[in-house]
Amino acid sequence: MLETFRLEAAECGGSSPRTFFVLYEAAGIVKQALEVLINEELTPLGLELVEFKVGGSKGRPVLDVRVDRLDLQKVQVGDCERASRAIEARLDTQPDLLNSRYVLEVSSPGMERPLRDERDWRRFVGRRASV
């Protein structure tokens with residue numbers, strides 16, 4: 001998604017009107033839409049989104065998805081596989097969101113899992129942590 005802005009010279013400290021065109025990609029809006037889509041696919045699988053990052057390049061974005069199980073059990077390879085297939089199938093129906101050449105990486109949060117909210121802290125009560 002690209003947008004164009006027109007700035008008057010007075011807004012830029014000048015005296016005569018000039019037009020400047022600034023193009024930018026609305027990455028925040030796309031990331032938000034992707035996050036909603038991913039959550040919609042994970043919930044029926046009994047999974048939740050823990051962390052989501054978009055990296056790579058514009059021509060080949062990398063989606064890094066970290067999932068956890070809603071039943072508080074350990075994430076298994078099969079969980080990641082089911083999540084990956086569900087997300088990929090949905091992304092393939094939404095060509096306006098991403099370039100068709102994307103990389104999807106689905107994994108568990110692992111040992112470096114960030115504890116962000118009260119529910120995370122309660123889940124790991126009694127376990128050793130580095131602060």
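Glu-51 counts as buried at 18% relative accessibility, where buried means under 20% relative accessible area, exposed over 50% and partly exposed in between, with a 1.4 Å probe and protein chains only. Its side chain meets that of Lys-53 in a salt bridge, 3.8 Å from N to O. By salt bridge I mean a side-chain nitrogen of Lys or Arg within 4 Å of a carboxyl oxygen of Asp or Glu. Lys-53, at 45% relative accessibility, counts as partly exposed.

Two remarks on the source. This is a predicted model, in which local features need pLDDT of at least 70 and side-chain atom pairs count only at pLDDT 80 or more, while totals for chains, interfaces and linings use all residues. Residues are numbered from 1 along each chain as its sequence is written, and side-chain values use heavy atoms, with hydrogens and water left out.

Now the overall layout. There are three helices and three strands in the chain, and from the N terminus on they run α-β-β-α-β-α. Helices (H or I, at least four residues) and strands (E, at least two) are DSSP runs, numbered from the N terminus. Of the 131 residues in the chain, 27% are buried. The chain exposes about 9400 Å², and carbon and sulfur atoms supply 52% of that. These areas come from the Shrake-Rupley method with a 1.4 Å probe; for residues, only the protein chains shown count as cover. As for contacts, meaning heavy atoms within 4.5 Å, take those between residues at least 6 apart in sequence: 48% of them join residues at least 24 apart.

Back to the charged pairs. How many salt bridges does a search of the whole structure find? The count is 10. One of them links Glu-48 and Arg-119, with the closest N and O atoms 2.1 Å apart. Glu-48 lies in strand β1 (residues 47–56) and Arg-119 in helix α3 (residues 118–123), so this pair ties together parts that are 71 residues apart in sequence. Glu-48 itself is buried, at 15% relative accessibility.

Another salt bridge joins Asp-64 to Arg-66, and here the closest N and O atoms are 3.1 Å apart. Asp-64 is buried, with a relative accessible area of 14%, whereas Arg-66 is partly exposed at 24%. There is also a network: Arg-69, Asp-71, Asp-79 and Arg-82 are joined into one by salt bridges that share partners.

Next, Asp-68, which is found in strand β2 (residues 61–69). Is Asp-68 buried or exposed? Its relative accessibility is 5%, so Asp-68 counts as buried. Not counting residues up to four places away in sequence, Asp-68 touches Gly-46, Leu-47, Glu-48, Val-50, Gln-73, Val-75, Pro-109, Arg-113 and Arg-123.

Rolling a probe the size of a water molecule over the atoms shows where empty space is left. The search uses a 1 Å grid over the protein atoms alone, and a pocket is an open set of points where a 1.4 Å probe fits, with protein on both sides within 12 Å along at least five of seven lines; lining residues have an atom within 4 Å of a point. The largest pocket has a volume of about 750 Å³, a volume being the space filled by probe spheres set on the points, which are joined across faces, edges and corners. Its lining has 20 residues, and those nearest the centre are Gly-110, Met-111, Arg-113, Phe-124 and Arg-127. By class, the lining of this pocket holds nine nonpolar, four polar and seven charged residues. Ala, Val, Leu, Ile, Met, Phe, Trp, Tyr, Cys and Pro count as nonpolar, Asp, Glu, Lys and Arg as charged, and the others, Gly among them, as polar.

Finally, some single positions. Asn-99 sits in the loop between α2 (77–91) and β3 (103–107) and is partly exposed, with a relative accessible area of 32%. Asn-99 and Arg-60 are 39 residues apart in sequence, but their C-alpha atoms are 6.9 Å apart in space. Leaving aside neighbours within four places in sequence, Asn-99 is in contact with Lys-58, Gly-59 and Pro-61.

Leu-72, in the loop between β2 and α2, has a phi near 65°, a positive value in a residue other than glycine. At 54% relative accessibility, Leu-72 counts as exposed.

Val-30 lies in helix α1 (residues 27–42) and is partly exposed, at 24% relative accessibility. The C-alpha atoms of Val-30 and Leu-98 are separated by 8.3 Å, with the two residues 68 apart along the chain.
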